[in-house]
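Here is a short tour of one protein structure, written for a reader who likes to check each stop against the coordinates. Have the viewer ready and follow along.

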Amino acid sequence: MSRFELWLEFAPRYDVRIENVGLRLEQYPYIDGNRPIASGASYGGFMIDWIDVHPGMSRRSQTLVNHDGLLDLREMAYAAEELWFTEHDSGGFTQYENPEAYEKFNPNNHVANCSQPMLVIQGGGDYRVPDTQSIGAFTALQRRGIPSRMFYFPNENHCTLNPFNALVWYQEIFHWIK
């Protein structure tokens with residue numbers, strides 16, 4: 001079973017996880033329940049894009065944060081330096097062998113449903129998730145008139161490793177979610 005299929009199984013239980021957030025808000029009163037956010041990086045960034053294009057999921061978050069996420073799985077089939085993940089996550093197929101496997105969970109097919117503000121973060125030297133994925137997500141949000149910001153680290157890769165850049169990374173996220 002691919003990770004995308006596992007995600008599809010997870011999606012119906014998303015409501016249960018959101019209910020658990022309510023329990024945590026009761027348990028930790030210092031958490032501001034009026035400003036929930038969702039964030040993810042890499043595969044988690046794909047999940048943020050997927051959540052955003054499904055309003056039933058995205059409307060529960062005031063804003064989204066996406067670091068090196070996947071917007072277009074079709075492009076990933078030809079643009080990434082590491083094809084194992086893309087093919088594995090699509091059931092072990094190449095895009096030309098089974099295009100439907102790539103389209104079934106492709107957030108790019110649902111961009112018209114984007115609705116939530118999003119901070120998009122990308123490392124310029126990320127060859128695992130090429131910067132065109134984040135640029136595409138940001139452009140889609142901008143074209144739809146959705147508040148969004150893109151922060152680009154030209155000298156970082158898939159992870160933000162430089163200590164100064166890591167501080168800036170956190171600063172940008174905290175500034176965005178305020």
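Glu-172 is a residue of helix α9, which spans residues 163–177. Is Glu-172 buried or exposed? In this predicted model, its relative accessibility is 13%, and because buried means under 20%, Glu-172 counts as buried. Setting aside neighbours within four places in sequence, Glu-172 is in contact with Leu-119, Arg-149 and Phe-151. Two strands of the sheet come up here: residues 118–123 form β3, and residues 148–153 form β4.

That brings us to the sheet itself. Four strands make up an open sheet in the order β1-β2-β3-β4, and their pairing is parallel. Which strands sit at the edges? They are β1 and β4, each of which pairs on one side only. From one strand to the next, the twist averages 10°.

Two of the pairings are set out below, each with one pair of bridge partners.

| Strand pair | Sense | Bridges | A bridge pair |
|---|---|---|---|
| β1 (residues 37–41) and β2 (residues 63–67) | parallel | five bridges | Ala-38 and Leu-64 |
| β3 (residues 118–123) and β4 | parallel | six bridges | Gln-122 and Tyr-152 |

Helices pack on this sheet too. Helix α3, residues 43–52, touches β1, β2 and β3, and its direction makes about 140° with that of β1. Helix α8, residues 131–143, touches β3 and β4, with its direction at about 160° to that of β4.

Along β1, Ala-38 and Gly-40 point to one face and are buried.

Finally, a word on the cysteines. How many disulfides does the model contain? The count comes to zero, where a disulfide would need a pair of cysteine sulfur atoms within 2.5 Å.

Note on methods: Residues numbered from 1 in each chain as written. Predicted model: local features only at pLDDT ≥ 70, side-chain atom pairs only at ≥ 80, totals over all residues. Heavy atoms only, no water. Buried < 20%, exposed > 50% of the residue type's maximum accessible area, 1.4 Å probe, protein only. Pairing = 2+ DSSP bridges. Axes fitted to C-alpha atoms, helices over the stretch in contact; angles between N-to-C directions. Contact = heavy atoms within 4.5 Å.
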